[in-house]
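Please consult the sequence and the model shown here alongside the text.

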Amino acid sequence: MSYDERPTAVYRTTISTIILELLYVAGAAFFIYVMLYCDTDALWVQIFLGLIALMALAGCIYPLKHRKDRIIVTPGHLSIMNTSVKKKDGKWSGTKKAQISWYDIKEIHSSLDVSVTNRVSITKQIFVTLRNGTQYCIDPDIYDVFFLELKLKEFLAEYGRKR
C-alpha cells in the first residue's frame, strides 16, 4: 500500500445510526405498549396507535442501510460513501461512493438550513466543491457534521497543496 492509499482518518456512522435505530424502536415499543394496555374499547384508537408504531418502525429503515458507511481520508484522496452529487446542470443525484482527489477540491463549506413548518429545524450540511463545479453533499442525518467540517478543512489544507 503506497503512502497515498493509507487511511489517515476514518469517520463512521455506526454510533449515530444505532442511536437513531434505538430511538425509533423505543418509540414503536411505547406505542405498542399503549395500544395493548389502553383501557378504551374504541377500535379507531387501537388502529391509530398501531399505525404510529408502524411508522416509527418504518423510520428505522433509513439509518439501517447506512450502518456501514464511511468517510475515509488518505493523503491522496477523500472517499465518501452514499453521498449526493450536484452536476453542472444543477440536478442532484445519489451516488454509492465518491473518491475525490484532494487536488481537485476547490473548497469545503457548510450551509445552515433553517426551516419553519410545523416545527423549527436547523440542519447543517457540508458541501465539497470541486474545481470543475461538481458539488458533493454529506448527509447530516448519518454523520456528525458539526466537527467533520473543521476536520475536512484541516485535511484539505494539509493534503490539497502537496501536488
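At 51% relative accessibility, Tyr33 counts as exposed, the term for over 50% relative accessible area, whereas under 20% is buried and values in between are partly exposed (1.4 Å probe, protein chains only). The model is predicted: local features need pLDDT of at least 70, side-chain atom pairs count only at pLDDT 80 or more, and totals for chains, interfaces and linings use all residues. Residues are numbered from 1 along each chain as its sequence is written, and side-chain values use heavy atoms, without hydrogens and water.

**Aromatic rings**

- Five aromatic pairs occur in the structure; rings of Phe, Tyr and Trp (its six-membered ring) pair if their centres lie within 6.5 Å, with planes under 30 degrees apart counted as stacked, over 60 as edge-to-face and the rest as tilted.
- The pair of Tyr33 and Tyr37 is tilted, because the ring centres are 4.9 Å apart and the planes stand at 45 degrees.
- Tyr37 is also exposed, at 60% relative accessibility.
- Phe155 and Tyr159 form a stacked pair, 5.9 Å centre to centre with 5 degrees between the planes.
- Phe155 is buried at a relative accessible area of 12%, and Tyr159 is buried at 7%.
- Trp102, Phe155 and Tyr159 are linked into a cluster by ring pairs.

**Overall fold**

- Four helices and seven strands make up the chain's elements, taken as DSSP runs (helices H or I, at least four residues; strands E, at least two) numbered from the N terminus.
- Phe155 and Tyr159 lie four residues apart in helix α4 (residues 145–159), about one turn of the helix.
- Along its principal axes, the C-alpha trace spans about 70 × 35 × 25 Å.
- Of the 163 residues in the chain, 36% are buried.
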